[in-house]
Amino acid sequence: MLVLSRKQNQSVVFPRLGVVVEITRVAGKTVSVGVTAPKDIQILRGELLDAETGVSESTQLPETLSQHDLRNRLNKANLALTLLRKQIAAGRIEEADDSLATALGVLSDLDLESQSTGAEEVTRATGARRRRALLVEDDANERALLASYLRASGFDVDTAEDGVAALEYLAHQKPDAVVMDMQMPRLDGKQTVRRIRADYELDDVKLFIVSGKDRQAMNVPIGDRGVQRWFQKPLHPEDLVDELTASLK
């Protein structure tokens, strides 16, 4: 599971950092969040780590960061997680969502930087060109997490918060693929797909949908004049990566 939406037993794992963030219990408006982390980050709950997580016992933080920058960024994550605990205890769930997004964003960036050197070495060794994807998602938390996962999987990723921003991007740049949500402000996914497919200069751009909406209900075709693949949320991100990799060979 990649995306957290306050559903029980959902988790985000940062294997190189040794961090697991998990929704452990949902009861009405009460949400319990557990965090397993190395000593660099305060642990809010410590019983979540088990042999199946695949998380290393020691953190492998990016060597390119100065100790000062590293401490500041870990402190930001720590403060956000500590605030999250107080907000959940007070029943301020919407505010807790923002704090969770902040903490996950910091950890995602650190985890990505830990993996980026290895990905670059693989690219140089194979001589393969890194493919570029545009990720269009209005939820900042989901956008940051999925972008980090795609980058760690070997893709260059740019992001846009809705269909209007996506079309502005595509007017000047041409990625290999667009990964897009459907329900977005200003210009939704269905209209954005139609506008992209009306531009002959974007004919060879692959479109992939990641949405909680049903494809048939949205009446979006599969194929060259529509989208290559429709992924229903909750997303298994490895399936998306496999499909992107196969389509962009």
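**Helix packing and the cores**

A: Helix α3 crosses helix α7 in a right-handed manner, a crossing being right-handed if the near helix is turned clockwise from the far one by less than a right angle, and left-handed if anticlockwise. This is a predicted model, in which local features need pLDDT of at least 70 and side-chain atom pairs count only at pLDDT 80 or more, while totals for chains, interfaces and linings use all residues. Residues are numbered from 1 along each chain as its sequence is written, and side-chain values use heavy atoms, with hydrogens and water left out. Helices (DSSP runs of H or I, at least four residues) and strands (runs of E, at least two) are numbered from the N terminus.

The axes of α3 (residues 140–152) and α7 (residues 237–247) come within 11 Å and cross at roughly 50°, where axes are lines fitted to C-alpha atoms, for helices over the stretch in contact, and angles run from 0 to 180 degrees between N-to-C directions. α3 is therefore oblique to α7, since angles under 35 degrees count as roughly parallel, over 145 as roughly antiparallel, 65 to 115 as roughly perpendicular and the rest as oblique. In this contact (heavy atoms within 4.5 Å), L146, Y149 and L150 of α3 meet P237, E238, L240, V241 and L244 of α7. Of these residues, seven are nonpolar, none is polar and one is charged, with Ala, Val, Leu, Ile, Met, Phe, Trp, Tyr, Cys and Pro counted as nonpolar, Asp, Glu, Lys and Arg as charged, and the others, Gly among them, as polar.

A second pair, α4 and α5, packs at an angle of about 20° with axes 9 Å apart, and these two helices are therefore roughly parallel to each other. Their crossing is right-handed, and G163, L167 and L170 in α4 meet T192, R195 and I196 in α5. That contact divides into three nonpolar, two polar and one charged residue.

The largest nonpolar core has 23 residues, and L134, V136, V178 and V193 have the most contacts inside it; such a core is a set of buried Ala, Val, Leu, Ile, Met, Phe, Trp, Tyr and Cys residues joined through side-chain atoms within 4.5 Å, and buried means under 20% relative accessible area, exposed over 50%, partly exposed in between (1.4 Å probe, protein chains only). Its largest share, five residues, comes from α4. Apart from this core lies another, of 16 residues, including L240 and L244, two residues that also belong to the contact of α7 with α3.
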